[in-house]
Amino acid sequence: MSHRGHLLSLRAGHALREAFADGYSRADLIKDVIAGITVGIIAIPLAMALAIASGVAPQYGLYTALIAGAIIALTGGSRFSISGPTAAFVVILHPLAEKYGLAGLLLASIMAGGILVAMAYARLGRFIEYIPESVTLGFTGGIAIVIAVLQITDFTGMTIDKMPEHFIDKLIAISSHFQQIDLGSFAIALFTLAVMIVWPRLGTRIPAHLPALVLACLLGIVLSWQGIDVDTIGSRFHYLLPSGEQAPGIPPYLPTFDWPWNRPGADGQALGLSLSLISELLPAAFAIAMLGAIESLLCAVVLDGMSGKRHSANSELLAQGLGNLITPFFGGVTATAAIARSATNFKTGAASPIAAIVHSIVVLLSLLLLARILAYIPMPAMAALLIVVAWNMSEAAKSVKLVRSSPTSDVLVFLTCLSLTVFFDMVIAITAGIVLASLLFMKEIAALTDVVDITNNPDFVHTKPPKNIRVLKIRGPLFFAAADRIVGELSTQMVEVNGLIIHLQYSAYLDAGGLSAIKKLIDHCEKNKISIRFSNWQFQPLKTLAKARGEASGALAASFPTLDDAIEDALKKGTSYETR
C-alpha cells in the first residue's frame, strides 16, 4: 500500500493485521514478550505519577495503562506505539479534576474519544501533518513549564491548601510558602533527581527512574527510622476495603465498571449528567482530542522513521478514540501514545502490537501483586520524576535552535503558543497557534506572488508584440491574500498602453478571491478600452474558471493556450480585441 493509502485507510486493528500478514513467528512472540515486560515495568511508576499530576489517585493511571494500552494496541494503526497516560495532558486534566473531580475528567475523556472517532471517519489523520513545528514545540514547552511548577509543592514538601487556578497566582502562592519547605522531602527529591541525571552516564540499559525510585524508597525508610516522616503514596492516598475501613495506598484489585458521571465530583458526591455540564466540558474535550491526535500521530511518525514501517493515521485516530471512549467507564483517565515508551518498545525488539498488550498485562500484575510495595514510593520522588519528564518533553534543544535559526514568524508562533499555554490554557494556545501560523504562512506565500514585465524578454516572447501592448508574467498563486495586490500592480502597468497580455504559466492556483480580482481587472480594462488577453492557464485555475461559468466568461473568452498564440492574435487584431 502506498504512503497515501496508509494515511487514508481506516480499519480497526490495521497494525496488528499488517504484522500478522508479514508473517508472525514464535521468535517474534518472544521479542514482543521481552519488549512488553520492559515497557510495562517502565510504565508502572510513570502511570501513577501522571495520574497524581492530573489531580487523581495513582491507581487511575494504572487503569489507563492496562485498559487503554490494550484497546489501542488491538485496534491501532501504528505497530510499535504504547498508549497510556502522558505528561502532555496534565495541563488540561489537572484543572478539570480540581473543578469537576474525577467524574468530570472521565466525562471529558469520553467526549474527546468521540471527537477522535469522528476525526478518523472524516479522514482527518493526514491533516495533523499540517500543524507546524513551531506550534507543537510551543505548547509542549508551555506544558512542561506548567508541569514543573505544579511539582514544586511535593518536591519541597510544602503544603498549600488550595492551589490557585492561574499561573501567576500559583507562583505567588508557592513563593509565599517557601518558609514551609520540609528538609526531608527536599532531600529525597534532590537525591532522586541526582540519580536520574547521573544514572544514564553509567551506560546501563535500565531506565534511570527505576533505580531512582527504588533508592528513594530506601532513603525514605531510613529517614523514617530517624523520625523524619516524608509523604508517600500510602500516606497520601487511601481506598475502602469491603469492610468499609480505609487502607493506605492503591487498591490491589481490578477496576470496576461504573458510569463516569456517577463517580465523585470535586465535592466528593456523584457529579451527575446534564447538557449544561457537557457544554462546559466541550472546550476541554476538544483540546484533549486535538492534543491526543497530535501526540499519537507524531509518535507514529517518529516510529516510522526508526523502523522503516508505515502507520495508518486514520486507523490510529480511530483506536485512540475507542480507547478514550471505553477506558473512562473503568476509571481510566485520558490516554494517547507516549513517544518515550513507544521508542523504548521498538528499541527493545518489539515486532508487533502484541508487545503493547504484554505491557498492559505487566501493569495489571503490578496492580494485583505490588500494590503494597508501591505505597512506599515517596511523593517528592514522584515530583522529581515528573520534573525530568517535563524537561524531556519540552525538547529544549529544539526550541533554542528554532529561536536562533528560524524565521521571525516561526519564533513569534512558538512564543505565542508557549505563553498562551502557560498563562491561559491549551484550547486557546492550540487555536491561536494554528490560526497565527496559518495567517503568517499565507502572508509569506502571498509575498512570493509578483508581476514581472517580460515584453522584451526573448526567453518568453519570441515575436515582438504590437506597439503599446505589454506582456506581463504572474509568478505565484492568485489567491485571496495576494490577488488584490497583484491586480493593483497590474493596474499601474496600464499607463499609456493599449493592451495587456497576462502570461500565467507560473501561477498554478486560483481561488474565489483571485477569480474576483481577475474579473475586476477585466472590467477595469473594458472601462478604459484596454485589450486584455491571458495565456497558459494551468489546470487548477482552468478548473476554477470552468466551475465559475458566467463569472469567468470574460477571462475564458480572452484566453489562449500559449503566449505565442496570444501575441499572434494581438498582431492580427491590434488593439481592437475586446473580452466578451
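Biologist: What makes Lys473 count as a charge over the face of Tyr506?

Modeller: A charge sits over a ring if NZ of Lys or CZ of Arg is within 6 Å of the ring centre and within 35 degrees of the ring normal, and Lys473, at 5.2 Å from the ring centre, lies over the face of Tyr506. This is a predicted model, in which local features need pLDDT of at least 70 and side-chain atom pairs count only at pLDDT 80 or more, while totals for chains, interfaces and linings use all residues. Residues are numbered from 1 along each chain as its sequence is written, and side-chain values use heavy atoms, with hydrogens and water left out.

Biologist: Why is the pair of Phe460 and Tyr506 called edge-to-face?

Modeller: Rings of Phe, Tyr and Trp (its six-membered ring) pair if their centres lie within 6.5 Å, and planes under 30 degrees apart count as stacked, over 60 as edge-to-face and the rest as tilted. The centres of Phe460 and Tyr506 are 6.0 Å apart and their planes stand at 85°, so this pair is edge-to-face. Phe460 lies in the loop between strand E5 (450–453) and strand E6 (469–475), and Tyr506 in the loop between E7 and H22, so the pair ties together parts that are 46 residues apart in sequence; helices (H or I, at least four residues) and strands (E, at least two) are DSSP runs, numbered from the N terminus.

Biologist: How do you know whether Phe460 is buried or exposed?

Modeller: Buried means under 20% relative accessible area, exposed over 50%, and partly exposed in between (1.4 Å probe, protein chains only). Phe460, at 17% relative accessibility, therefore counts as buried, whereas Tyr506, at 41%, counts as partly exposed.

Biologist: Why is strand E8 described as largely enclosed by the rest of the structure?

Modeller: Five of the five residues of E8 (residues 531–535) are buried, so the strand is largely enclosed by the rest of the structure. Ser531, Arg533 and Ser535 point one way from E8, Ile532 and Phe534 point the other way, and all are buried.

Biologist: What makes E7 and E8 a pair of strands?

Modeller: Two strands pair if DSSP finds at least two bridges between them, and E7 (residues 499–503) and E8 are joined in the parallel sense over five bridges. Ile502 stands opposite Phe534 in E8. E8 is also joined by two bridges to strand E9 (residues 559–560), and these strands run parallel; in E9, Ser559 is the bridge partner of Phe534.
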